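Visitor: Hi, I've got a structure open and would like to talk it through. Can we start with what sits in the middle?

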Amino acid sequence: MGGGALPSDDAGSLGRGRYGERVFRPEDRGESDRIDLGALAYDDTTMTRLRLLGAGPGWRCLEVGAGTGTVARRLLGEAGVAEVLAVDRDVRFLEAHPVPGLASLQADITADDFSPGLFQLVHARFVLMHLPAPERMIATLGGLLAPGGVLVVSDAVDLTTDSAPVTPYTLAMRAMWRGLRDSIGTDVSRVPHYPGLLRAAGLGPVAAEIHVPPLVPGSAISRFWADTWDRARAAMVATGLVDDEQIEDAVRYLGSPQCAGLSPGMLTAWGWKRPEAA
């Protein structure tokens, strides 16, 4: 969930910054806790899918933008995979919780020389949406699959579109997506194209699913969004769509029994590299 394996100089056009620098900096107090709240909301769904796809003993796995490493450790402890290479642009959170079989690599996944080997599973969650060319990254990650391996990519799908009811929550979410797009190049509008991009990268068969965690007062996902808004506050206010008081109204709304809204969905798409001919 870290989104940390970002490009060194091309995180977006128009001179935008990068995830982890202008917002969501790993050195900021509580950032690992924010990431872990997201993990609490999404890890069970991720692990169910990865295990259904066959992740298990003997598999060598690449976890891209590994964040605090929750998925990597669960692949080892629950699925029993042989090893996980966890890649991020900043690995401080990974190295704080070492386990046998988990190796961390501080690297830029968009670099031309990024070539960590071949894997039965390549998994990237909440990473590609922060990159300027997801089609290029899907092709690159697909090239890291061993024959018969599977690439699994998950990113957010915005459900606070113009047709959604206007509430303090939807106002804040719209401002967040606009602010992140303007400041670091985040673009979730491309996420529904992922199945087609997997196919275009030569993978198949491909499939996809979506998970929308419920917004329940005090839940991990509600706390995650409240913390995310606080850290992205300057970018949100800069859009002119909300001010500080409206963000506070949205936080209060999230924590109230009056909250009625849809959290961004997590779309997960996967595609297989065909086995080599016998």
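Visitor: Which residues touch the most other members of the largest nonpolar core?

Guide: Y194 and W229 do, in a core of 62 residues. A nonpolar core here is a set of buried Ala, Val, Leu, Ile, Met, Phe, Trp, Tyr and Cys residues joined through side-chain atoms within 4.5 Å. Buried means under 20% relative accessible area, exposed is over 50%, and partly exposed is in between, with a 1.4 Å probe and protein chains only.

Visitor: And which helix gives the largest share of this core?

Guide: Helix 5, with 8 residues. Helices (H or I, at least four residues) and strands (E, at least two) are DSSP runs, numbered from the N terminus.

Visitor: Is this model predicted or experimental, and how are things numbered?

Guide: It's a predicted model, where local features need pLDDT of at least 70 and side-chain atom pairs count only at pLDDT 80 or more, while totals for chains, interfaces and linings use all residues. Residues are numbered from 1 along each chain as its sequence is written, and side-chain values use heavy atoms, with hydrogens and water left out.

Visitor: Back to Y194, what is it in contact with?

Guide: Skipping neighbours within four places in sequence, Y194 is in contact with L128, M129, P134, I138, V153, D155, L267 and A269. Contact means heavy atoms within 4.5 Å. There's also a second, separate core of 22 residues, and L50, V71, L94 and W270 are among them.

Visitor: How does the lining divide by residue type?

Guide: 5 nonpolar, 4 polar and 6 charged. The nonpolar class is Ala, Val, Leu, Ile, Met, Phe, Trp, Tyr, Cys and Pro, the charged one is Asp, Glu, Lys and Arg, and the others, Gly among them, count as polar.

Visitor: Changing topic: what does strand 4 pair with?

Guide: Strand 4 (residues 119–125) has 6 of its 7 residues buried. It pairs in the parallel sense with strand 1 (residues 60–64) over 4 bridges, and with strand 5 (residues 145–157), also parallel, over 6 bridges. Two strands pair if DSSP finds at least two bridges between them. For landmarks, C61 stands opposite L121, and R125 has S154 as its bridge partner.

Visitor: What about strand 1, enclosed or open?

Guide: Strand 1 is largely enclosed by the rest of the structure, because 4 of its 5 residues are buried. It also pairs with strand 2 (residues 83–88) in the parallel sense over 5 bridges, where L62 stands opposite L85.

Visitor: Is F126 buried or exposed?

Guide: F126 counts as buried, at 5% relative accessibility, and is found in the loop between strand 4 and helix 4 (134–142). F24 is buried as well, at 6%, in the segment before helix 1 (31–52).

Visitor: Last one: what does R223 touch?

Guide: L37 and G218, not counting residues up to four places away in sequence. R223 lies in helix 7 (residues 220–231) and counts as partly exposed, at 45% relative accessibility. R223 and G38 are 185 residues apart in sequence, yet 8.9 Å apart in space, C-alpha to C-alpha.
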